[in-house]
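Please read the following report alongside the sequence and the three-dimensional view.

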Amino acid sequence: MSSDEERAAKELILDNNDPPRGPLLPGLTWKYKSSIGKGGQGRAHLWVLVDNSGNIIERLVIKNLVAASEAEVIQDGPSKGQLVEAYYAQILAPNGAKAEDVFTAPVLACEPIAGTENGWRTYAPYFSLGNFETLVEKHTASSPLPEPFLWFVLYRMAKAAVAMDEVLRENDRGPVIVHSDIKLDNIFLAHPGSLGKDADFIMYPPAYLADFGFSYTAIKGQSTQGQGGGAFMFKPPEMRDLKGEHTPCYSYTVRFSTYCRANLADPTCRTYGR
């Protein structure tokens with residue numbers, strides 16, 4: 001297959017808009033809404049479930065992607081053959097988990113796209129307020145984000161880091177989950193109140209760490225040089241440490257805080273960390 005044919009085949013996968021599969025109650029129909037995001041690994045599409053009167057019952061995001069390398073699919077163990085992005089997302093946010101205990105974006109299901117080579121689709125909830133980068137870019141020193149909200153986002157990212165550190169851990173060596181691509185546009189925002197009326201900071205949208213497509217499992221003392229991926233400026237420094245001394249994403253707390261402050265204090269700093 002020529003490079004042009006490969007690109008065309010990839011575009012067909014990324015633009016696939018087959019409706020969600022599965023039985024529906026009478027009078028309900030899935031309708032395609034729009035493409036809502038794209039990145040190096042995939043393209044996200046919004047679907048809405050409507051009744052006969054056109055009322056929206058549910059929203060669902062389907063992300064189409066091409067898993068072209070072995071690193072993007074689990075290669076061994078009980079989960080062999082599963083998409084890496086879905087594997088880690090479902091470990092951290094299993095179906096049925098309480099809303100207040102979830103700090104990472106769930107993947108509800110995933111499946112290969114029939115009739116394609118390495119094409120996959122994931123099913124995920126719709127985060128109505130988009131990602132944190134888009135929100136930050138709308139604000140300057142004259143119209144800053146509320147400081148309590150920034151601390152709330154940092155708190156939830158810290159909780160996501162703790163979850164990645166603890167969910168698989170067996171002893172002081174690990175294993176731990178390394179995200180590899182933590183950045184503002186991989187932090188999604190749900191609508192205020194979605195955690196329930198008794199949640200803290202109920203007036204602010206809760207943040208969720210998303211996109212585990214470059215993630216991997218690390219053990220202290222075991223080199224993972226070259227594993228994972230992600231944007232160069234957002235890789236954990238530990239990925240370049242042959243000793244394999246890993247902390248999942250704590251190094252990003254300082255970068256994340258500095259980035260937010262730079263955006264709010266000085267518009268010329270908007271490219272910091274990209």
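In what follows, Ala, Val, Leu, Ile, Met, Phe, Trp, Tyr, Cys and Pro count as nonpolar, Asp, Glu, Lys and Arg count as charged, and the others, Gly among them, count as polar. The structure is a predicted model.

## The largest pocket

By these classes, the residues that line the largest pocket divide into 16 nonpolar, 11 polar and 9 charged. The pocket holds about 870 Å³ of space, and of its 36 lining residues the closest to the centre are Gly37, Ala44, Asp185, Asn186 and Phe188.

Several elements contribute to this lining, and at least two residues each come from strand S1 (29-38), strand S2 (42-50), strand S3 (56-66), helix H2 (84-92), strand S5 (119-124) and helix H3 (132-137).

## Overall architecture

The secondary structure of the protein chain comes to 5 helices and 9 strands, and, when read along the sequence, these follow the pattern α-β-β-β-α-β-β-α-α-β-β-β-β-α.

Among the contacts in the chain with a separation of 6 or more, 56% are accounted for by residues 24 or more positions apart.

## Enclosed space

Rolling a probe the size of a water molecule over the atoms shows where empty space is left. A search of the whole structure finds 3 cavities of 30 Å³ or more. The second largest cavity contains about 40 Å³ of space, and its lining consists of Gln41, Leu65, Glu72, Leu83, Val84, Glu85 and Gly213. By class, that lining has 3 nonpolar, 2 polar and 2 charged residues.

Why is S5 described as largely enclosed by the rest of the structure? A residue counts as buried when its relative accessible area is under 20%, and 6 of the 6 residues of S5 are buried, so the strand is largely enclosed by the rest of the structure. Both faces of S5 are covered, with Gly119, Arg121 and Tyr123 buried on one side and Trp120, Thr122 and Ala124 buried on the other.

S5 runs antiparallel to S3, to which it is joined by 6 bridges, and Thr122 of S5 is the bridge partner of Lys63. S5 also runs antiparallel to strand S4 (residues 109-112), with 4 bridges between the two, and here Tyr123 of S5 is the bridge partner of Ala109. S4 and S5 form a hairpin with 6 residues between them, and Gly115 in the turn has a positive phi of about 80°.

## A buried phenylalanine in a loop

Phe212 is placed in the loop between strand S8 (207-209) and strand S9 (216-218).

Leaving aside neighbours within four places in sequence, Phe212 is in contact with Val84, Glu85, Tyr88, Leu92, Thr104, Met164 and His179. Phe212 and Ala105 are 107 residues apart in sequence, yet their C-alpha atoms are 9.2 Å apart in space.

## Backbone features in loops

Most residues other than glycine have a negative phi, and most peptide bonds are trans. Gly174 and Pro175 are joined by a cis peptide bond, with omega at about 0°, and Pro175 lies in the loop between helix H4 (147-166) and strand S6 (176-178).

Asn118, a residue other than glycine, has a positive phi near 70° and is placed in the loop between S4 and S5; its relative accessible area of 37% makes Asn118 partly exposed. Phe201 likewise is not a glycine and has a positive phi of about 50°. Phe201 is found in the loop between strand S7 (187-189) and S8, where it is partly exposed, with a relative accessible area of 38%.

Technical notes. Residues numbered from 1 in each chain as written. Predicted model: local features only at pLDDT ≥ 70, side-chain atom pairs only at ≥ 80, totals over all residues. Heavy atoms only, no water. 1 Å grid on protein atoms, 1.4 Å probe; cavity = no way out; pocket = protein on both sides within 12 Å on 5 of 7 lines; lining within 4 Å. Points joined across faces, edges and corners; volume = space filled by probe spheres on them. Contact = heavy atoms within 4.5 Å. Buried < 20%, exposed > 50% of the residue type's maximum accessible area, 1.4 Å probe, protein only. Pairing = 2+ DSSP bridges.
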